[in-house]
Amino acid sequence: MTTKEIEALLAKYYDGETSLNEEHLLKNFFKGDSIPDHLMAHQPLFKFTSTEAKTEVSSRFDQVLQERIGTGKVVPMNPFRKHMALSLSLAASIVLIAGLITLFRLGVFMPSQPYGTITDPELAYVEVRNALYTVSSNLNSGLEKMKPLESFSVGYDQVQNLQKFKSGLETMSKINQLDKYQPFKFNQGRKTN
Amino acid sequence: MNHQEFTSKVIPLKNKLFRFAKRYLEHTEEAEDIVQEVFIKLWVRREKLDEYRSVEALAMITTKNLCLDKIKGRRYPVDPMDDHRRFLENLPEEQKKDYSDEIRMVRKAMKSLPQQQQLIIQLRDIEGYDFEAIAEIMEMNENAVRVNLSRARKRIRDLIATSKSYDYQRN
């Protein structure tokens, strides 16, 4: 093919007007070695499209597909990446729960000495009543100790009388007017020696 | 469609579907998962597949819809560069020369295009579909496909030209 023909085909190509056959011609031309310098700039695109057409699925694709079609199961081909987060959190929660169960079974959370237990209901009633009596009598003795606090309020009433000071202070404030006058000098007219 | 027909007609589409899904998702493993799901869906409906005019178009459209669902359900964005790096590392030696700086440049230009244009380039220049099929898969009219294809090709050409002149100036 002449350079002129190639140039014409290229112009058609960039306008989206070439047929598949013509595009095939161009691809083959740019695969060759006899490319004029001024057309070299177009080579990468044709090289790229030829190279990209060689990309293929990985080698285990067919095997996985056959297994899936055979069993009718829908399993992802690369399940690990997809479900990694899910399986990691599942594993973590299983470990957590198993750990807690083991700890409970070992009795870590139980008191080291069991409390006394009473099976006879009547005895239990008496025991509970005794316990409550002890609590309430202690409470009452506590309250009695608080009695002297009442004298506080008597003291407080007396402190209230201090308010009378205030009116006294107001009367005293008249003394301030004295400041307006010259201070009285005791030494006036007396000779110092 | 029986098992044998399914194996000989539908499963060979796997690489096309995979590349299409990968263009959408920019993630190799996710793209493979999607293609698996597409095949399972088609397998379940295998009795009815003969009623369709083109099983291939059906498979591509199913891939597209599953990809859109996948993207919608994403809680965090994927890093396409990370995926590309892993892809290069796993590439056999004899293919590594195909991924030169030039091609990386085109790939970068491609990624900067609107998604629809990327997919049209994918379907036309990489997979070699005719305009009718592309229009059906992308649910557009043929004229819009042509216009977008032209825009995408020109945009890639211009981006390569600017990055080349930049390299030239730098040297």
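**Ground rules**

I note that this is a predicted model, where local features need pLDDT of at least 70, side-chain atom pairs count only at pLDDT 80 or more, and totals for chains, interfaces and linings use all residues. Residues are numbered from 1 along each chain as its sequence is written, chains are lettered from A and ligands numbered from 1 in the order in which they are written, and side-chain values use heavy atoms, with hydrogens and water left out.

**Confidence**

I checked the scores next. The predictor gives the complex an ipTM of 0.83 and a pTM of 0.62. A reminder to myself: where pLDDT is low, the predicted coordinates should not be read in detail. Helices here are DSSP runs (H or I, at least four residues), numbered from the N terminus.

**The interface of chains A and B**

I then turned to where the chains meet. In contact (heavy atoms within 4.5 Å) are 41 residues of chain B and 41 residues of chain A. The area buried between the two chains is about 3,900 Å², and carbon and sulfur atoms give 56% of that. Buried area is the accessible area (1.4 Å probe) that two parts lose on being put together, summed over both. I wrote down three names here: B:Glu32, B:Gln36 and B:Arg153 supply 16% of the area that chain B buries against chain A, more than any other three residues.

I also looked up the pairings. Between chain B and chain A there are seven salt bridges; a salt bridge is a side-chain nitrogen of Lys or Arg within 4 Å of a carboxyl oxygen of Asp or Glu. The interface also has 18 residue pairs in polar contact, both residues being at pLDDT 80 or more. A polar contact is a pair of N or O atoms within 3.5 Å; within protein, one must be able to donate a hydrogen and the other to accept it, and residues adjacent in sequence count only if both atoms are side-chain atoms.

On the side of chain B that touches chain A, the elements giving two or more residues are α1 (3-10), α2, α3 (28-44), α7 (101-111), α8 and α10. I find that the residues of this side divide into 17 nonpolar, six polar and 18 charged.

**Salt bridges one by one**

Over all chains, I find 16 salt bridges in the structure. My opening residue has one of them: A:Asp15 pairs with B:Lys154, and the closest N and O atoms are 2.9 Å apart. A:Asp15 lies in the loop between α1 (3-14) and α2 of chain A and B:Lys154 in helix α10 (residues 142-170) of chain B, so the pair joins two chains. B:Lys154 is partly exposed, with a relative accessible area of 28%.

Another salt bridge has A:Asp62 and B:Lys14 as partners, at 2.7 Å from N to O. I place A:Asp62 in helix α4 (residues 61-71) of chain A and B:Lys14 in helix α2 (residues 14-25) of chain B, so this pair too joins two chains. B:Lys14 is buried, at a relative accessible area of 16%, whereas A:Asp62 is partly exposed at 33%.

**A:Glu23**

I ended with a residue in helix α2 (residues 20-31) of chain A, A:Glu23. What does the side chain of A:Glu23 join in a polar contact of 2.9 Å? The partner is the side chain of A:Thr18. A second polar contact, of 3.0 Å, links the side chains of A:Glu23 and B:Arg153. A:Glu23 counts as buried because its relative accessibility is 6%. Not counting residues up to four places away in sequence, A:Glu23 touches A:Tyr13, A:Thr18, B:Arg124, B:Asp125 and B:Arg153.

Conventions
Buried < 20%, exposed > 50% of the residue type's maximum accessible area, 1.4 Å probe, protein only. Nonpolar A, V, L, I, M, F, W, Y, C, P; charged D, E, K, R; others polar.
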